[in-house]
Amino acid sequence: MKKNLPLTRFLNHKLFTTTLLFLTTFQGTLPAKAQPQIIPFLPEIRDTDSWLPQNSEETNVTTCIRLDGRCLFTITYPQSKIAERVEIIKTRLDRISDLYFSQENPELEITQRGQENPKIYVTIGDETIQLITIGNLDFQNEGIAAETKANHISERLREGLQQGKNERKLEFLIARGLIAIGILGGAFIINKLITRKINHLKSSQESIGEERDDQPMSMLLTNRQHWNIKEVQYRLLQLAQAGIWTGSSLIIVGLFPYTRIAQIWLINLLRIPARLGCVGLGTYVAIRLSYALIAKATSALMIRNLLEFHENQRLQLRINTVTVVFRSVVTVILTGSGFLIGLSLIGINTAPLLAGLGILGVGVSLASQNLIRDAINGFFIILEDQYAVGDVIQVQDFGGLVENINLRITQLRDPEGRLITIPNSEVKIVANHSSNWSRADLLIPVAYDADIDQALHIVKDVAEAMAKDRQWRQYIVDEPEILGVDNFAERGLIIRVWIKTKPLKQWDVSREFRRRLKNEFDQQGLPLPVPQQKIWFRDDNMTNKDQTDHIVV
């Protein structure tokens, strides 16, 4: 009989069978009750694949018999045999609809035979076809009598055939074609507007730029807040674009009787990916909004204590570190929550999974005690403000600029550019070179035969002049201290100078001070000493009178 079916009817038949097999494979993931038709041209999804309580071991399944994608009536049958029964009924319904649609003014007669399990016959012209024999499960599932179920099927079949014939008329197809064109035009216009908004948001994000070390903390937090909010808007608009084209396509496919079954198939196929996509998008949006909220709260704290933050760069470094750690913690929590919600939405029971993860966590914690120590020590490093991102520290034999810190590791960049990763549990004694303020500790050598008072005067003048210099006074936070002669060394006398600076500026100040001092020594004719050594020779064979010492320098 399939060879005599028109091509569109044959395709509809195959699509329906494919959809049914797909649905019966993933039973339990779809709602058991029909959902109301809220959006025009979208069908009621009633391939209800519901679990019905039975005394037997085999589960019974309820599914729809459709005509042109519309649900005419439902049948209930054991899961292992439902596909075969649907195939038979669908083949008969296709034959009935072909006879009815092919005639100009067909005479339709629907009769019922039998009482307990009535059979429904459809007569069109001279041909009579049995459509269905109503079984006990068909009407017991709905809690109605067999006769009521048979009357319902007959009425729905009559209405479906008449509606299907009307939808195949040329004027109806032309009207639906115009509606489809209007939908495509509206989708195109809305898409252009959204694209313009997306481009504007992208330009705004690029204008914010990347984070730089020389940015004030208040500006950095404000940029983070704006960037995350714009990122949320950008992703939502992208989702809106995809939703507009997907929704438009589904509506257009559902406008015509020949393609409506494809709409059902696509909706059922996309149901699980759509749920997972919504959860993923919601998780991403929640993470980005939490980033913006963290930046907003921190920015408000800085505004409340604006003077203190300007005077104490240390607090700014600490805020940056704590912000990064909070963002990492929030990301882990929200990602895990989104994963569990996604599993629950596709029908997976997460309670055993959570119990298993708890047991696994206990086992992992016993086997990964170092990780726990890392996390605990990392928490106290951040809480006690031992160091922060942007500090220069020394940990045992390693030192450098702190580039990253979290609850597990600290990463340093040493002067040679190497990235050094240190577990937080190994940070026991740490030297912080940039906590609150720094100091340039300068040792100035002066020759033994030089005028030491003149040298001290020159050193003091150079230090005071540098402290008043417009370029360098912003880095020097206190008057330079000339401690005097600190030691007698091989090269000569050592004059010690302390200059208190802002954090991380001690090396710049030291280099500039040495350059200025060398130039001033040269102008005053006071050369810097070079390493020298005196050796004394004595001849013991000579008399005391003639005895002389020979000195070689």
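Mentor: Start with the network: Asp469, Glu512, Arg515 and Arg516 are tied together by salt bridges (a side-chain nitrogen of Lys or Arg within 4 Å of a carboxyl oxygen of Asp or Glu). Keep in mind that this is a predicted model, where local features need pLDDT of at least 70, side-chain atom pairs count only at pLDDT 80 or more, and totals for chains, interfaces and linings use all residues. Numbering runs from 1 along each chain as its sequence is written, and side-chain values use heavy atoms, leaving out hydrogens and water.

In all, the structure holds 20 salt bridges. Take Asp94 and Lys90, whose side chains pair up at 3.5 Å, N to O. Both sit in helix α2, four residues apart, or about one turn of the helix (a DSSP run of H or I, at least four residues). Asp94 is buried, at 1% relative accessibility, and Lys90 is buried too, at 5% (buried is under 20% relative accessible area, exposed over 50%, partly exposed in between, with a 1.4 Å probe and protein chains only).

Now look at Lys149, which bridges to Glu142 with their closest N and O atoms 2.6 Å apart.

Notes:
Helices (H or I, at least four residues) and strands (E, at least two) are DSSP runs, numbered from the N terminus.
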